[in-house]
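Keep the sequence and the 3D view side by side as you read.

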Amino acid sequence: MVPLSHYLILGAVIFAIGVLGVLIRRNLIVLLMSIELMLNGVNLTFIAFSRFLGSTDGQVMVFFVMAVAAAEAVIGLAIIISVYRHRQTLDPQELQLLKW
Amino acid sequence: MVTAGETITTLDLLRWIPLIPLCAAAFNMFFGSNLGKASAGMLATSAVGASFLIALYVFLRLPAAGLFSDMLYTWIESGGFQVRLSFQVDALTSVMLLIVTGIGFLIHIYSLGYMAHDEDMARFFVYLNLFIFFMLVLVMADNLLVLFVGWEGVGLCSYLLIGFWYHDPNNVIAGNKAFIVNRIGDFGFVLGILLLLTELGRQGVWSLDFAELQKHVRLLSPQMITAITLLLLVGAAGKSAQLPLFVWLPDAMAGPTPVSALIHAATMVTAGGYMTARLHFLYALAPGTLEVIAWIGAATAFLAASIALVQNDIKKVLAYSTVSQLGYMFLAVGLGAFSVAIFHVFTHAFFKACLFLGAGSVIHALGGEQDMRKMGGLRSHMPTTYRTYVIAALAISGAPLTAGFFSKDLILWQAFSHGALGLWALGLLTAGMTAFYMFRQLFMVFHGELRAAEHVRGHLHESPPTMTLPLVVLSLGSIFSGWLGAPEYLWGSKWDRWLAPIFGAQTHHGSLESEILVTAATLALVGAAIYLAYLRHGRAVATMTQEAEPRAGAFYRLLLNKYYVDELYDRAVVRPFTASSAWLARVFDPLVIDGIANGIAGTARRASELWQGLQTGNVQHYLVGFLVGTLALLGYYIGQP
């Protein structure tokens, strides 16, 4: 049986890849996808704990996260389309209006 | 002090005496301009007339030693200290009520004619009614604080009315001067009230009611009473235009003439005398203060009369005459003869109002001319005005059996019989000068040849009946009002008996013979002064135009320039004040005040400039910060044992 630590490391790696993507990619759509990646890293951790502790609490939480992620993806993509229509770009470096 | 056996009766009617003029003022303020000039004036006049009728009713119902009171509500309540907004009418107040509403009513009627050509007549009557309201509050107050409300209110109305024709900046300046000089006096007045309150409070009596004060006045130490009365005196000197605060009253003549008659002759300026008479129980315990008052009064009377000798403006003469007569009132107060002082207030109200209204009638006929050198010979053109003016001039000069004769003689007799010969001599000389300047004025204005400008002569006319009727009534009062206070050797004084419950019976020193002798001396001097005025101004018509020539040299110029008091105040007070204000505005304000404000703002701005580079607007930069913060917190908690 694969030990818990493998799952946890995999979850952490996926999460870290997500964080890195959010921080360095220059496309809002990829940013959104990276956020999904972070959520999935967390989900994996939940599931692993749920399985190894014999409790379903983690699985319930995962369903919540998936529901929220779906809603978030919808709204996020809508915003991105709207931004693109106004600015003709999705580069976060071009979108710097909120400053002094 | 006779207070025992006093009966206090509640009478709800009292509140309507001041409230009716207040309602009329409020109504005219909002609807006066829609109402039309004549209707607004009629409304205001009938409101004061109604007050007069109620005052008359109250006066007739008032028992000899009684007191009507009417409490509206409790104004201030703090611990044991209570101030109620309530009115009272006793013998003293009833007299003042009749003066204020009676003379006020006549002057309202007069104003209907005098102000008929003025665009702003409704506003004028609003102020006038408001003045009557505050003056009634002042005289009807049953405690010092309500009295002070009225005191400040009449000052405000005086200011508003002096500057009534505000298009001329000089009038506005005169109004400001009156207001500011009165502030100085009122500052002393407030300090006096506060000192009285705290000192009595220290003895366990927290009250400003006159009745309570009178009951507990003995708790105060004599030094404290002297201090309190001196502070209150500052207020009285300001309001009643006494030395050294008299400078505002002559300038106050910039207002319309009915205002000069009502506020600056008959009523408001006597408030100082009224206040001291109201607090006579306090002043009676401060002989030092009384002496100061007497000397201030006598000196004011003398100096003001001497200035009036040479003035050429018809209203300025009367203004200084008023200051001088107010000096007489203070002299009487200072001698402890409070009922005599109020008696002079009473008679003075008639003849001085009559003189001012007569002068107003002349000014009206001459289209605004106030220089007596450009008058003359008006006797035949304005017979009614002339006759009433003669009567009033005789009354103020103290001709036998006129009002001024009785009241002024009583004051001089009081001074003489108290052995204060210096005061008496000043008063006597003042009486002589009074007769001289009044008849000088009479001859210059009404006798001789008409020296008016050509364009004025065409519409020379006697004033309309609304203006002459008050003149006639006041001239009758100038004779008969004095008969109430006749000396013992004639038919005795009803006046003293009426006011005896308040001031106590007046004690008479000295014999009847000496009293008659003092009277004879005064009369001789007055007669001589009138004759001198006749010699100088009654006959020598041709030389009248050269009146302004400084024939008597330096002394004449000194008097003409009013002893340079205004210039002195200008140098000593006004200029240093404006100079220091200018310095503050030029140096202190930009450097210190602006420096503090700008310094704080600048520091904040520089601090933000330091940090504003952090705000790039790039969401990914913020997220790095977010991540670093989260990791740091995480590391901190994991690192905890």
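Leaving aside residues up to four places away in sequence, L220(B) touches E199(B), L200(B) and I225(B); two residues are in contact if their C-beta atoms, placed from the backbone, lie within 7 Å. This is a predicted model, in which local features need pLDDT of at least 70, side-chain atom pairs count only at pLDDT 80 or more, and totals for chains, interfaces and linings use all residues. Residues are numbered from 1 along each chain as its sequence is written, while chains are lettered from A and ligands numbered from 1 in the order in which they are written.

Where does L220(B) lie? You will find L220(B) in the loop between α7 (210-216) and α8 (222-239) of chain B. Helices (H or I, at least four residues) and strands (E, at least two) are DSSP runs, numbered from the N terminus. L220(B) counts as buried because it has 23 C-beta neighbours inside 10 Å. The cut-offs are 20 or more other C-beta atoms within 10 Å for buried, 12 or fewer for exposed, and partly exposed in between, with C-beta atoms placed from the backbone. L220(B) and L200(B) are 20 residues apart in sequence, yet their C-alpha atoms are 6.9 Å apart in space.

Just after α6(B), G204(B) takes a positive phi of about 95 degrees.

Now look at helix α13 (residues 287-308) of chain B. Its 22 residues should span 32 Å, and its end C-alpha atoms are 31 Å apart, which agrees. Since 16 of these 22 residues are buried, α13(B) is largely enclosed by the rest of the structure.

Stepping back, chain B has 25 helices and 3 strands, and buried residues make up 50% of its 641 residues. Its C-alpha trace spans about 115 × 65 × 50 Å along its principal axes.

Finally, turn to the contact between the chains, which takes 10 residues from chain B and 10 residues from chain A.

Conventions: Expected span 1.5 Å × (residues − 1).
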